[in-house]
Amino acid sequence: HTKTTQRLFLGLDLLTPEKQALADWQYRHLNHPRHAVYWGNYHLTLGFFGACTQQQRDALVERISNVERPTLTSQFGLLGYWPESRTVYLAPSQPNASLNAFAGQLRQHLAINDERPFAPHISLIRGAKEPAQMMGNPANFRIRWTALTLFWSKPTEQGVRYQPLARWPLPL
Ligand code: 2AM
């Protein structure tokens with residue numbers, strides 16, 4: 001039916017070995033009673049669109065294609081916790097100027113109007129009523145981002161799965 005919508009968001013996808021390394025680190029060093037985010041869902045959100053019709057999705061794809069894409073690298077090493085959203089996350093160790101600038105451009109170009117300012121992070125645990133205890137080595141992941149991805153937040157019997165709908169490579 002034409003009224004069918006998909007929950008969409010724009011983000012940066014990790015390569016499978018990077019997701020596996022992060023999941024391995026989380027499993028070994030992050031002690032928390034709540035469930036970890038499914039490792040295949042690890043990503044960095046740049047902008048959230050919410051429920052979109054197919055027409056809105058097609059328009060988004062076209063607009064995103066017109067944005068110039070930079071080379072992006074992030075160094076993750078900061079473990080954080082947001083009590084309001086009950087999320088434990090991993091963030092860049094230092095402010096990431098090129099990533100912030102790119103997110104700002106996208107938000108302007110795509111008229112994304114998130115209530116909160118852009119805060120780059122990878123969610124690790126949801127439903128967390130307390131911060132995570134970290135054991136042993138602090139995380140230290142250097143990610144050279146390879147693609148901008150439009151994701152569909154797809155409900156499944158195993159929970160939500162983030163399915164790439166379109167990808168735009170970033171220059172290396
Ligand atoms: P999160 O990583 O901080 O949980 C799919 O739901 C993605 O979109 C998640 O990464 C989530 O961010 C983000 N998201 C969900 N709802 C959002 C909202 N209302 N505003 C901004 N981002 C949202």
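**Figure 1. Arginine 86 occupies the loop between β4 and β5.** The model shown in this and the following views is predicted. The strands β4 and β5 form a hairpin with four residues between them. Most residues other than glycine have a negative phi. Arginine 86 counts as partly exposed because its relative accessibility is 40%, a value that falls between the limits of 20% for buried and 50% for exposed residues.

**Figure 2. Strand β4 pairs with both β5 and β8.** Six bridges connect β4 with strand β5 (residues 87-92), and the two run antiparallel. In this pairing, leucine 78 faces alanine 91 of β5. Strand β8 (residues 141-144) is likewise antiparallel to β4 and is joined to β4 by four bridges. Here serine 74 is placed opposite isoleucine 143 of β8.

**Figure 3. Serine 74 is a buried residue with polar side-chain contacts.** Serine 74 belongs to strand β4, which spans residues 73-82. With a relative accessibility of 1%, serine 74 lies under the 20% limit and therefore counts as buried. Its side chain makes a polar contact of 2.9 Å with the side chain of asparagine 96. A polar contact of 2.8 Å links the side chains of serine 74 and tryptophan 145. Beyond its neighbours within four places in sequence, serine 74 is in contact with several residues, including Leu99, Phe141 and Arg142.

**Figure 4. Four strands form an open antiparallel sheet in the order β3-β1-β9-β10.** Strands β3 (43-52) and β10 (159-169) are at the edges, where each has a single partner strand, so one side of each lacks a neighbour in the sheet. On average, neighbouring strands of this sheet are turned by 25 degrees against each other, direction ignored. Five bridges join β1 and strand β9 (residues 147-156) in the antiparallel sense. Leucine 10 has leucine 150 in β9 as its bridge partner.

**Figure 5. Glutamine 6 is buried in strand β1.** Strand β1 covers residues 6-13 and contains glutamine 6. The relative accessibility of glutamine 6 is 15%, under the 20% limit, and the residue therefore counts as buried. When neighbours within four places in sequence are left aside, the contacts of glutamine 6 are Gly50, Ala51, Cys52, Arg57, Trp152 and Leu165.

**Figure 6. Leu46 and Leu148 belong to the largest nonpolar core.** This core comprises 42 residues, and Leu46 and Leu148 touch the most other members. In soluble globular proteins, nonpolar side chains tend to be buried together. Apart from neighbours within four places in sequence, leucine 148 is in contact with residues that include Leu10, Leu46, Ile64, Phe102, Leu106 and Trp168.

**Figure 7. Alanine 111 lies in the loop between α3 and β6 (122-126).** Alanine 111 is not a glycine, yet has a positive phi of about 50 degrees. Because its relative accessibility is 60%, over the 50% limit, alanine 111 counts as exposed.

Methods
Residues numbered from 1 in each chain as written. Predicted model: local features only at pLDDT ≥ 70, side-chain atom pairs only at ≥ 80, totals over all residues. Heavy atoms only, no water. Buried < 20%, exposed > 50% of the residue type's maximum accessible area, 1.4 Å probe, protein only. Contact = heavy atoms within 4.5 Å. Polar contact = N/O pair within 3.5 Å; in protein donor to acceptor, adjacent residues only side chain to side chain. Pairing = 2+ DSSP bridges. Core = buried A, V, L, I, M, F, W, Y, C linked by side-chain atoms within 4.5 Å. Axes fitted to C-alpha atoms, helices over the stretch in contact; angles between N-to-C directions.
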